[in-house]
Amino acid sequence: MPFLSSTPAPGLRLERITVTYPGHREPVLDGLDLDVDDGRLLALLGPSGCGKTTTVQVASGLLTPGRGAVYLRGTEVTRVPPEHRGAAVVFQQPMLLPHRTALDNVAFPARMRGRSNRDARTSALAHLERVGLGALAARYPRQLSGGQAQRVALARALAAEPAVLLLDEPFSALDPSLRHTMRDLLTTVQRELAVTTVLVTHDQTEAAAVADTVALLDRGGLLQQAQPADLYARPASLAVARFLGCPTALPGHVTPHGRFACPLGELDLPDAVAHRGPGHLVIRPEAVQLGTGPDTVAAVVHSVRPEGAFTALVADTAAGPVHVLLPPGTPPAPSEHVWLHLPVAHRWVVPRAG
Amino acid sequence: MRRALHSAGFALLTLWIAAPLLPLLIWAFAGRWVYPALVPQDFTLRTWDQAAAPQQQVIAATGTSLGLALTTAMTATALGAMAARGLVLYRPPAAGLVRLLLLAPVLVPPFALAVGVQEVFVRAGLSDQPAGVALVHLVPALPYTVLVMIGGYATYDVRMEQTARTLGASRSAVLRHVTLPALAPALLASATLAFLVSWSEYLMTVLVGGGVVTTLPLLLFSTAAGSGNQALTAVLGILTVAPPILLFGVGAALLRRHRAAWADAEPASSSSSAAPGIER
């Protein structure tokens, strides 16, 4: 009795997707499972070559997977061609039709669905206004700046009234300041329309800034899918921790009493750590502080490197190197003996790999 | 100064191309022309009337030539576009070899090619008929269309098509609204070249057409070589030269219009804000 089911069908579901490109032995996607809640924004994060773009191609119907199934709002669409699927794609370049005005570009999807020119233009104008470009409706793409063109591309994708909006690194070609504006616009529009959205990005701050959930991909598989804050605080593996900018990993094991045994002694762990047995203690560089007191360990400064206003410091402890990001001030010099404060709340343990 | 040089150069170039055509014009419209007059005493359309007579075959040959050239232009361009698309967008394993094979007809001496092709066509029952000639005109035309279309596809972004598909455009709608407009200059250049190759093709037409299929070049050569009728030769010469010139003119005008819309198809930089009404 599906109508009694407590969880609604996800907006987009990828089930055991496997894609191998001709002439390649390794699959680019290897049994990938991914759910995007209806009306939510999922950021697909991962290093280049991890299969993010292929995932978009599969979800949009531009590529049929060798194995696996695609569902949109509970309906299987694995073999439905892109034009009948309702999964609109926005690429890094706006891909506007150069011989048509901004308005006619945005009217394109409605025209393709057989709506009259007048009708299509009326709703196109509304979509252009939504992205703040109503005044530029008559301009041709060559008369728009990169940011404006990408906003038109977003309006055009929304005008298709898609079941899912797929954004493949849409802001990567833009200036950093513009990128922030575009992110804000995207979150506003996405929440307003509650359209299920997948944002592909290799930029973790972008992912954390806009997404309801972040899916971290590596080598064609899902490493972890979680809310951004959870992903940072509770990485599922060493690979996730490393990708999210947490290079510190002290080997040891979690005792049955939930303490971390390592050459530094037995360290306290937060209650949330459920893992027992061999693992790595991870702690984000910005959580570590210098200073004496409880929860501190002795260390020798190994290297000091300025990083903008901050200072990146690596200090050797008995259990291994600890990375620290120090706020502005006078950093210690190499070979100096320091005490590192590792706040218990920020400690986390990931299982030992392999 | 620069402008004057520019104009002078242009004038010289025009003269270079037009000068050989001048005698043609004079001969084609000459009436009475007695020695030692440098130019005819009067001009008339008499030769054109003569040429229009059915027994001269001029109108029929012009029709045959036009039909063959248009067919070749369309077919060779379509095939060239498909071959280029495959080679550029899908990068097949032996792309280099395929490319070489497609360009082979311009590398092999035409006569060797023509004799071989004739042999094959006779066996296949394709000789002595327009369809066979149309088919054989593809051979010298294809290398050019393939090359031009490879150039056209080199700057083509297939994601434009993909975006349109995901926005609800069927394959045929994508072809109409995205692919053809984007490739229009290359298609036009390719069709023009194929038209010209077919329009001036002689050797293959003689061998495969077997004298039954008469095109303008065939008629022109036989008239020039055998009849001694310089006026009729001039008329045929004009008929042979005019369509390509017309074609280039129309093509150039179309290209200029297209360039106005497609130049800077993608914004050059994300921060530059272009003013409205910029035309290149």
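Into which domains is chain A divided?

**View 1. The two domains of chain A.** Chain A is divided into domain 1 (2-233) and domain 2 (249-351), with bounds that come from an automatic or database domain assignment. Taken over C-alpha atoms, the centres of domain 1 and domain 2 of chain A are separated by 39 Å. The model is predicted, local features need pLDDT of at least 70, side-chain atom pairs count only at pLDDT 80 or more, and totals for chains, interfaces and linings use all residues. Residues are numbered from 1 along each chain as its sequence is written, and chains are lettered from A and ligands numbered from 1 in the order in which they are written.

View 2. Strand E4 (residues 67-72) of chain A is joined to E5(A) by two bridges, and Leu72(A) stands opposite Thr75(A) in E5(A).

**View 3. Helix H5 of chain B.** Helix H5 (residues 95-107) of chain B has 13 residues and reaches 18 Å from first to last C-alpha, close to the 18 Å expected at 1.5 Å a residue, the expected span being 1.5 Å times one less than the number of residues. H5(B) bends by about 35° at Leu101(B), and Pro105(B) follows within four residues, the bend being the angle between axes fitted to the seven residues ending there and the seven starting there.

Notes. Pairing = 2+ DSSP bridges.
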